[in-house]
Amino acid sequence: MSKFIIQVNSAAYGNAASYSAYRFAKSALESGHSIDKIFFYQDGVLNTNYLNSPASDEFDLMQAWIELHNQYGTVLVNCVSAALRRGVMSESDAKESGHGHWNMQAPFIMGGLGELVIGIESADRLVCF
Amino acid sequence: MKKLCIVFKQPPHGTAHGREGLDLSLLSASFEQEVSLLFTNEAVLTLLKDQDPESIGAKDYIATLGALPLYDIDTVLVCSESIQELGLSEQELRIGVTLSAPEEIASHLNAVDEVIVF
Amino acid sequence: MILHLIQSSPEQSSALKTCLRYATQSDSILLTGNSVNCLLKQAWATQLKEYNVAALQEDVIARGLTSLLKDTKQINYDEFVSLSLKFNKVISW
């Protein structure tokens with residue numbers, strides 16, 4: 001069994017790559033492999049915006065990531081600098097910068113690019129979407 | 001330690017790809033990875049002299065390219081085919097780079113551990 | 001041995017063009033998302049004949065291309081996962 005790290009670079013809505021990343025991750029976990037973390041970089045951080053509100057009859061990708069975390073404990077990490085530039089903010093980021101609102105919360109967490117690099121170093125395979 | 005090749009294929013300034021690719025390159029190098037860069041397609045324009053990105057509201061991340069040796073990023077490959085397609089020559093580039101034919105680039109991509117494309 | 005992953009149509013991105021410039025005969029190319037459409041175009045299909053090519057079945061079915069692409073090898077996500085480990089690395093262009 002192998003350990004993957006998965007990098008997601010596209011938004012949750014408007015680009016099929018994030019859905020593909022989710023399906024790949026789910027298949028890998030169901031096949032018994034492990035995932036070091038899902039790392040959201042570039043527009044990928046938009047997967048973690050809690051205010052994403054797809055219509056009720058549409059696939060809810062953010063919810064799907066959360067369920068993956070609930071079922072397998074998959075770590076879901078945002079690149080904090082990519083996130084802040086795109087208006088995705090955790091409660092502590094908001095407090096630090098004097099904003100009264102935030103839109104990112106657990107199980108998604110903020111991290112640095114270093115977590116991607118360390119993840120790549122320790123994983124058997126990196127797959128980017 | 002892994003050998004990472006960061007590939008730039010998008011032109012600078014119109015999107016954040018180049019900037020975010022360079023951020024990852026420098027960070028990976030500072031985390032002791034063996035980092036190499038490849039510029040291909042219109043991304044070779046990233047290396048042109050005399051750019052003024054701030055005049056269009058973009059960050060001058062180009063200036064950071066000068067710092068690559070400080071991060072021990074010594075291998076910077078530039079696709080000779082892309083240079084030719086754009087009618088450029090080595091003299092127009094701001095940092096010392098190696099012009100590489102597609103076959104040389106292919107063998108470099110084979111030799112590294114992971115490749116991340118921006 | 002590299003698995004090249006192409007996710008966008010050549011009309012959207014330079015991914016396929018760039019991949020074909022650097023791919024070698026021992027590599028494989030996996031087409032997903034809109035990139036599966038390129039097989040309908042003679043020029044791309046001819047270039048891809050040189051390589052071991054597969055398309056992600058779900059993306060083919062979703063686009064109504066099953067009979068049009070019946071000569072192309074199609075794989076599911078479980079096979080995609082296995083393929084990504086069989087090769088030395090995956091490059092997502």
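Predicted model: local features only at pLDDT ≥ 70, side-chain atom pairs only at ≥ 80, totals over all residues.
Let me pick out one of them. What does Trp65(A) touch, not counting residues up to four places away in sequence? The list includes Val8(A), Ala21(A), Ile38(A), Phe40(A), Leu76(A) and Phe108(A), and also Ser18(A) and Asn47(A).

Now over to chain C for a moment. Thr72(C) sits in the loop between α3 (57-62) and β4 (73-75). Is Thr72(C) buried or exposed? Its relative accessibility is 18%, and the cut-off for buried is under 20%, so Thr72(C) counts as buried. Beyond its neighbours within four places in sequence, Thr72(C) is in contact with Leu39(C) and Ala55(C).

Back to chain A, for the overall picture. Chain A has 5 helices and 5 strands, and along the sequence they run β-α-β-α-β-α-α-β-α-β. A compact globule of 129 residues would have a radius of gyration near 14 Å, and chain A agrees, at 14 Å. Its C-alpha atoms fill a box of roughly 45 × 35 × 25 Å along the principal axes. Of the residues in chain A, 52% count as buried. Among contacts in chain A with a separation of 6 or more, 76% come from residues 24 or more positions apart.

Last, the surface and charges. The accessible surface of chain A is about 5600 Å², with 49% belonging to carbon and sulfur atoms. Chain A carries 8 positive and 13 negative charges, and their mean positions are 5 Å apart. Thanks, everyone!

Definitions and conventions
Residues numbered from 1 in each chain as written. Chains lettered and ligands numbered in written order. Heavy atoms only, no water. Contact = heavy atoms within 4.5 Å. Helix = DSSP H or I, 4+ residues; strand = E, 2+ residues; numbered from the N terminus. Buried < 20%, exposed > 50% of the residue type's maximum accessible area, 1.4 Å probe, protein only. Rg over C-alpha atoms; globule rule 2.2 N^0.38 Å. Areas by Shrake-Rupley, 256 points an atom, 1.4 Å probe, with all protein chains shown as cover. Lys, Arg positive; Asp, Glu negative; His and termini not counted. Charge placed at Lys NZ, Arg CZ, Asp CG, Glu CD.
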